[in-house]
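Hello,

Here is the structure I promised to pass on. Have a look first, and my notes follow below.

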Amino acid sequence: MNTVNLSETHALQAAAVAAQELLLISLSQLRPSARNVRKSGGTSIPELASSIARVGLLQNLTVIASSDGEHYEVVAGKRRLTALKLLAKRRRLAKDYEVPCLLVPDASALTVSLTENVQREAMHPGEQFEAFAALVAEGRPIEDIAADFGVTPLVVQRRLKLANVSPRLLADYRADAVTLDQLMALAITDDHAAQEEAFYDSPQWQRSPQALREHLTAREIDGARDALARFVGIDAYEAAGGGIRRDLFADDTRGRFLMDASLLDTLAQDKLASVADSVRAEGWAWVEVVPRITSAELHGFERARRDRRPPNKTEAKRIAKLEARQQAIEDRLNGSEAEDIEEAEAQALDEESDKLSAELDAIEQSLLVFAPETLTQAGAIVTVDHAGAIAIHRGLMHETEAKALKAQERQTAKANGNGEDETQEPTTLHISEKLARRLSAHRTAGLQAEVARHPQVALVAVVHCLALRVIFDGHRLSHSPVNISASPQDGLDKDAPDIAHSPALVGLKQVRHAWAERLPQDADMLFAELLAMPQQELLALLAVCVATTVGAVTSRENEQPAAALAQAVNLDMHPWWTPTADGYFAHVSKAKAIEAVQVFAPEHAERLLKLKKNDLASEAERLAVGSGWLPMMLQPMLQSPAPVAAAGEAAD
């Protein structure tokens with residue numbers, strides 16, 4: 001029997017220990033060993049080197065004697081050796097610096113290397129955060145702590161921020177019930193109650209880092225995304241005394257939230273004032289500064305017509321020269337020798353063509369002028385566009401001003417002997433039924449996404465539908481947009497082929513998938529799960545279920561089904577739909593496309609009239625970027641003014 005008794009085991013262990021020896025070995029005699037079991041992990045060497053330089057080497061290396069009799073091979077401690085070599089290379093350590101090493105027998109090399117890498121447990125990140133906080137509490141400067149650990153002061157500040165998160169959340173973080181990304185999002189505020197409310201009072205599917213961050217900054221302005229913040233500038237806002245909440249875990253261009261919306265608006269007003277003064281000097285009847293204005297609000301104005309004046313000799317000569325050069329470039333790029341053009345030359349010609357187009361556009365805009373009588377009736381609004389740039393909307397008229405101008409134009413025409421038929425109505429441009437269904441499918445997806453975010457409205461919609469069926473015997477059930485049989489309205493792609501990429505539809509599918517992963521499929525088990533579910537989470541699930549049953553597709557441009565539901569959730573289609581050539585402009589007539597361009601880029605309308613339809617659609621898409629323009633079908637409906645009308649009747 002090859003058995004070893006206890007005394008023999010102790011003797012073997014004693015012999016192994018005796019064979020080990022702690023030595024001070026010159027750094028130049030140390031080199032990595034091929035028998036080190038750890039082949040990866042050679043990261044953060046500069047940080048480790050900085051730490052060793054300030055604090056010293058806290059753990060010895062483990063080595064075996066090399067076969068050449070002069071060197072020692074490191075079987076455990078490869079990162080420490082690399083960091084020491086780096087310090088020597090930077091002349092912060094001598095090449096013969098004596099390194100504490102544990103010499104082990106050659107036969108134990110693999111066992112010792114494996115043991116050091118396996119039989120150890122890294123501290124939890126939460127403990128690291130608290131340890132950094134303890135160092136600061138002892139009076140250590142952040143810069144010194146950063147130098148000790150070879151990191152930047154920002155890294156230390158971030159760990160201190162995490163250490164300041166609610167103790168309850170930190171405890172759940174250690175228990176893996178909260179992720180590090182969620183913890184970083186919650187750290188945007190120091191209010192422990194607000195942190196806990198944002199996390200624990202939100203349903204599981206609304207606990208993504210982005211959702212938590214939005215919850216805690218709902219009443220603040222995102223400095224990176226808000227147009228007015230970009231226009232005013234963060235520095236100017238802070239110089240005026242504006243408060244800012246900073247997200248230490250965001251990059252340099254993001255994570256700054258402005259806390260004083262009133263001050264931001266005032267600064268924008270002041271910055272736009274001088275622009276407004278120059279516009280007033282043009283002679284408009286009125287000029288207003290409106291820092292924030294929606295496309296729907298602009299659509300409420302009528303726009304005065306601009307006429308193109310003939311170019312003078314200098315302008316005509318310049319236009320001819322620019323157009324001739326453009327034609328020459330086009331012939332060069334598309335001619336028979338186009339394949340022989342080098343890429344660099346083609347790029348240079350494209351850039352030159354773009355500059356020529358820009359100059360032609362500028363000249364064309366200078367030729368479009370308002371009639372003198374227009375200035376006495378119409379006005380202008382000075383605002384900030386979605387990109388944070390100054391935008392001036394000239395030739396705007398209220399209904400009464402538009403009527404007065406038309407009357408004045410008719411009188412002028414009669415005086416000149418060019419009377420018009422006063423009963424003639426302007427031609428109304430329409431979109432096709434196919435496009436109407438496509439747009440309303442996108443509106444439906446957006447409405448579904450918003451209903452999923454408003455559990456109270458979803459509950460009202462269900463009760464509304466049930467009341468129509470039960471209380472009123474179903475006679476008015478067609479007035480409810482909710483399909484109470486709970487049939488998901490998943491066929492929107494047949495009307496809108498591009499809806500698969502809709503952010504509304506993608507987001508709702510992700511939420512449905514999250515619930516499907518969480519809930520049991522067995523009917524009895526599902527009932528038990530729902531019975532034990534907190535009411536807030538149950539309502540959140542109800543909202544998702546109701547949202548998927550919403551159907552609001554129509555083939556009529558002048559209809560907006562589910563209007564009451566849309567108003568209840570404050571449906572805004574800007575986050576859910578963007579005007580593109582394929583999504584809108586290529587599917588309408590040139591006149592209808594120009595009608596849209598007149599709203600978001602009126603100065604380009606005349607130029608676009610000369611383009612072919614496909615080119616017009618592409619150019620309209622480019623100009624619409626950041627404009628916030630929406631077709632009529634996707635604009636919010638106005639609230640009914642019935643109560644006001646009743647009061648007016650009583651006054652009569």
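V287 stands opposite A380 in β13, and E288 has I381 across from it in that strand. The model is predicted, so local features need pLDDT of at least 70 and side-chain atom pairs pLDDT 80 or more, while totals for chains, interfaces and linings use all residues. Numbering starts from 1 along each chain as its sequence is written, and side-chain values use heavy atoms, without hydrogens or water.

β9 and β13 (residues 379-384) run parallel, joined by four bridges. (Strands are DSSP runs of E, at least two residues, and helices are runs of H or I, at least four, numbered from the N terminus; two strands pair if DSSP finds at least two bridges between them.) Helix α14 (residues 261-280) packs on the sheet, touching β9, β13 and β14 (390-397), and its direction makes about 150° with that of β13. Here contact means heavy atoms within 4.5 Å; axes are lines fitted to C-alpha atoms, for helices over the stretch in contact, with angles from 0 to 180 degrees between N-to-C directions.

How many residues of β13 are buried? Six of the six are, so the strand is largely enclosed by the rest of the structure; buried means under 20% relative accessible area (1.4 Å probe, protein chains only). G379, I381 and T383 lie on one face, and A380, V382 and V384 on the other.

Best wishes

How values were computed. Buried means under 20% relative accessible area, exposed over 50%, partly exposed in between (1.4 Å probe, protein chains only).
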